[in-house]
Amino acid sequence: NINPQQMESDTDSDSEVEERTETTKDHSRRHADISDLIKVSDVKRAFSEVSVDPLRGASDEQLMHVMGANQEWYQHAKDICNVTNLLPPGGLEQLLKLKSSELPKDSQLQCVKDPKRASNYVQAHAYPTQGMIAVPHKPCLLCPDPIGPYEAILRVIVFHPIKKRRDQEFLVLGSQCLTELRDKIQCSKDYFSGEDCSEDPNTCNLQTLEKGPIKPSKSAFFFISNTFYNDMRHPDSIDNSKRFINMVKDMIDTSPRLDHFRPADMASTKFEDIVLRLGYPYLYCHHGNCEHLVIFSDIRMPNVLDSRRRADYPLLTSIWHGKTRRCKVCNLLAPTWVTYDDELAPQCPCFYCNDCFRKLHYTTEGRKVCEFKAFPYHTELCK
């Protein structure tokens, strides 16, 4: 939960204010994996101002004319600049077989001079990818509603609310609204009704779980750069950001910087309208207390591997796929029920497939054989 008392100290002296100012200026040096504040619209504008290389696709005669070179000199330069000269005599296969001890000792590249240190740096600054699998998709290059050539594409990482591991990864367009990403984020809590079905399991239709969320959250917000972007599309939506803003109203006198919090409408805010830091953890909250860390890891232009169809975005590129649970009785099928306070279970919670659950916990007449609580279990999203 957001705790304003942990964000700011009770009092701010002039020396502390000056120290924080210097700290902000030195932010990029001390936190290399977190960028300075970036406005996505400014990045998009910079993309559009990038000049196209006028010599792209030029013939040899045109390049010779621009360089003012004769045929012999031009051919010599072309041979020297050939990318194949970057490979060892054995080609790419030989390069991949090279050991660190066989690398040239006189190289000035840091990754060659100290490959172990370079490898450790990459691992220390990379987000953990264990358990993540790529979601295959076929890029659409010709479509009726294509994205623009200078569209900003943001990579968004959504974390698990409890285990704090990376759960999903998306590509979103700068011209899309925050609600479009909010509708694509999957969470197991959307599939949890919270109703005990142990008295009559037939009251819960397990097939509805495969069709989509049975209890989607009507209220949600993103907390990005001191702004609460609330989803108020549903008539019963609640502005959950009010309780946080009201909490700090009485603290403004002692900590003026807390006065920067403000609400905004998620449905009318595009990603290109927000200001953010790459690599900085922000918050997505739904169901009142289900909190996901959200990190924007990259902003770039579209490339040849990206789909040009606007309807494909936000595009789910990878998702957590950890160890698949199995029924605790047959150890073969995926579970569809989870029980709590179960007298017949070896652990709590315990997971069962539909057949084992009914045969173990109910008589032929459908009566419970012991006391327990049972809830439907969605396999793909509750790992």
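## The nine-stranded sheet

In this predicted model, an open sheet of 9 strands runs in the order S2-S11-S4-S3-S10-S9-S5-S6-S7, with mixed pairing. Strands here are DSSP runs of E with at least two residues, helices are runs of H or I with at least four, and both are numbered from the N terminus. Two strands count as paired if DSSP finds at least two bridges between them. At the edges sit S2 (132-134) and S7 (262-265), each pairing on one side only. From one strand to the next, the twist averages 25 degrees.

Look inside the sheet and you'll find S3 and S4 paired in the antiparallel sense over 7 bridges, with Phe159 opposite Arg166 in S4. Helix H12 (residues 241-249) packs on the sheet and touches S5, S6 (227-230) and S7; contact means heavy atoms within 4.5 Å. The direction of H12 makes about 155 degrees with that of S6 (angles run from 0 to 180 degrees between N-to-C directions, with axes fitted to C-alpha atoms, for helices over the stretch in contact).

## Nonpolar cores

The largest nonpolar core has 27 residues, and Phe222, Ile224, Leu276, Phe296 and Ile299 have the most contacts inside it. Such a core is a set of buried Ala, Val, Leu, Ile, Met, Phe, Trp, Tyr and Cys residues joined through side-chain atoms within 4.5 Å; buried means under 20% relative accessible area, with a 1.4 Å probe and protein chains only. Elements that each supply at least two residues include helix H4 (40-48), strand S5 (220-224) and strand S10 (290-300).

Leu276 touches, among others, Leu37, Ile38, Leu154, Tyr282 and Phe296, leaving aside residues up to four places away in sequence.

## The three-stranded sheet

There's also an open sheet of 3 strands, ordered S13-S12-S14 with antiparallel pairing. Its edge strands are S13 (350-352) and S14 (373-376), and its twist averages 30 degrees from one strand to the next. S12 (residues 337-340) pairs with S13 over 3 bridges, and Val338 stands opposite Phe351 in S13.

## A helix pair

Helices H5 (residues 60-67) and H6 (residues 71-80) pack at about 105 degrees, their axes 11 Å apart. That makes H5 roughly perpendicular to H6, a label for angles of 65 to 115 degrees. Residues making the contact include Leu63 and Met67 of H5 and Trp73 and Tyr74 of H6.

## Ground rules

Residues are numbered from 1 along each chain as its sequence is written, and side-chain values use heavy atoms, leaving out hydrogens and water. Local features need pLDDT of at least 70 and side-chain atom pairs count only at pLDDT 80 or more, while totals for chains, interfaces and linings use all residues.

Methods
Angles under 35 degrees count as roughly parallel, over 145 as roughly antiparallel, 65 to 115 as roughly perpendicular and the rest as oblique. Buried means under 20% relative accessible area, exposed over 50%, partly exposed in between (1.4 Å probe, protein chains only).
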